[in-house]
Amino acid sequence: MTGKKKAVKKLPASVKIKAVRGMSDILPEEMKFWRHLENLAHYLFRLYGYKEIRQPLLEETGLFARSIGDDTEIVKKEMYIIKEKEGENLSLRPEATASLVRAFLEHSLYRESGIKRYYYLGPMFRRERPQAGRKRQFHQVGVEAIGSGHPALDAEVISLAGRFLIEAGIKNFEIQLNHLGCQDCRKKYIKVLKDYFKTFQRALCPDCQRRFDTNPLRILDCKKEACQALIKSAPKVSNSLCLRCREHFIQVQKFLESLEIDFRLNARLVRGLDYYTGVVFELIHPELGAQNALAAGGRYDNLIEKFGGPSLPATGFSFGLERVIMALKKEEVPVAELAETEIFLIVLGEANFGEGFKILQTLRGEKLKGEMDFENKSLKACLRQANKIGVKFVLILGDEERQKQSIMVKDMAGGEQKLVRIEKLTEFLKKLLKKS
RNA sequence: GUGGCUAUGGUGUAAUGGCAGCACAAGAGAUUGUGGUUCUCUUUGUACGGGUUCAAAUCCCGUUAGCCACCCCA
């Protein structure tokens, strides 16, 4: 290729390709945020004894229907379902807990001793109408801790979620707690709630009239003014809790207080997924509008047994990474740039190109991050480029240097330069880069 | 899924029915081997499809996408 580049002709609109709705590219400039959170997850969750696990993106559709609930929006409307020629349909996972429990049982991981702690990280899929913080492919990191009903485990998981945000650099968030009751008292509460709302059923908004049948707990979550008054005087969960649940909730709060974790009780906090029982929580960021839940989680003490496994209590949470990144940006949290190019090699004259190309390979072999120009651009243009990408050193290899078996090393910060013999180059650069 | 708002170079914006302009970014250059500042020049755009009109970025319809709220949820 010589001469001027021709302008790239645009494809006609009829064949313009673009990403699927609600699924966005994560471009290099965004990547530092992702790596910031992913690295933190790997470090922090392991610190607490959680082991990484990765499940497939596809599972049998029935798995989600059974765990999340047949009547939830997620299962009814939002799953990406792949029709198989034979056998059961497959679905892209809308969340991770169901498939984690599946894997847990399939590989008999319950045979291991003690509390089983896992963390995961990856894309989830829900076919919702997209918005900021609500993509159709979105990403979660989360943990699941299986095998203990102890309130300290709730406290561990909740405090871990809080610590994740704090270490990520987010200051402005709130932990909200509620107790939905165990299987028994939850059922009891739902009955009490339905009895209460039954008398006022006609006063409820249309959505809530529907919720009355599908998920009465959700009525507590309604934002309509008409319902607010009724909700206010509705019976509280706390009054329906059995003695054990009540004691458990108190213990969880005590443990959290002992760890100096701030939280707020929210009697109207409910969960949309059917498998939740007991203590549930959300981590809310106040500046993110309607998508303000950075993370949510809670106990699911009956799910494993429901899937045919042993009766093991469990709890966990998951973060929506897109939302955490929105919070990072809102709070202008400084996030470290990813490792950048340290050295830019400039070759003058095509005769020296091969030699320069070899030197670059040697530098890279020594773990020095280097680049060079392949287009025989002018020295000026190369320096400008090197300056733009912010390298610390520029190496110049021309006829003069070549004759002396040396290379010019230029410090971009100060501007001074020094002739260095090629065999001493890597040693020389390493010393400088470690110091600076 | 429901309702609403929006769509102009890579990015941010101007043009209120009459010449698509500006800034940043990008590329080339300012006496031939020295960057950042400055200066000159250059490339690149009305999301898509229709309609109204002498004339459409501008008005209308549809599509697509993004955003906001709801639904739901991380």
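Colleague: Let's start inside. Which residues touch the most other members of the largest nonpolar core?

Modeller: Keep in mind that this is a predicted model. The largest nonpolar core has 75 residues, and Tyr119, Val143, Val157, Ala161, Leu294 and Val324 touch the most other members.

Colleague: And which helix gives the most to this core?

Modeller: Helix H5, residues 151-168, with nine residues.

Colleague: Take Ala161, then. What does it touch, leaving out residues up to four places away in sequence?

Modeller: Ala161 touches Leu283, Ala295, Gly297 and Phe317.

Colleague: Which residues does the second, separate core include?

Modeller: Ile343, Ile346, Cys382 and Leu395 are among them; that separate core has 21 residues.

Colleague: Which of them point which way?

Modeller: Ala314, Gly316, Ser318 and Gly320 point one way, while Thr315, Phe317 and Phe319 point the other way. Both sets are buried. In general, side chains in a regular strand alternate between the two faces of the sheet.

Colleague: How many bridges pair E11 with strand E6?

Modeller: Seven, in the antiparallel sense, with E6 covering residues 137-146. Ala145 stands opposite Thr315 there.

Colleague: And how many join E10 to E11?

Modeller: Five bridges, again running antiparallel, and E10 is residues 293-299. Ala295 has Phe319 as its bridge partner in E11. Ala295 is also one of the residues that Ala161 touches.

Colleague: New topic, the five-strand sheet. What's the strand order?

Modeller: E13-E12-E14-E15-E16, an open sheet with mixed pairing. Strand E13 (370-372) and strand E16 (417-421) stand at the edges with a single partner strand each, so one side of each is left without a neighbour in the sheet. The twist averages 25° from one strand to the next.

Colleague: What about E14 and E15, parallel or antiparallel?

Modeller: Antiparallel, over four bridges, between E14 (residues 393-397) and E15 (residues 406-411). Phe393 stands opposite Asp411 in E15.

Colleague: Which strands of that sheet does helix H13 touch?

Modeller: H13, residues 353-365, packs on the sheet and touches E12 (343-347), E13 and E14. The direction of H13 makes about 165° with that of E12.

Colleague: There's a sheet of three strands too. What's its order?

Modeller: E2-E4-E3, open, with antiparallel pairing. E2 (58-60) and E3 (81-82) are the edge strands, each pairing on one side only. Two bridges join E3 to E4, residues 90-92, and Ile82 stands opposite Leu90 in E4.

Colleague: Which strands does helix H2 lie across?

Modeller: E2, E3 and E4; H2 is residues 61-68 and runs at about 75° to E2.

Terms used:
Residues numbered from 1 in each chain as written. Chains lettered and ligands numbered in written order. Predicted model: local features only at pLDDT ≥ 70, side-chain atom pairs only at ≥ 80, totals over all residues. Core = buried A, V, L, I, M, F, W, Y, C linked by C-beta atoms within 7 Å. Buried ≥ 20, exposed ≤ 12 C-beta atoms within 10 Å, placed from the backbone. Contact = placed C-beta atoms within 7 Å. Pairing = 2+ DSSP bridges. Axes fitted to C-alpha atoms, helices over the stretch in contact; angles between N-to-C directions.
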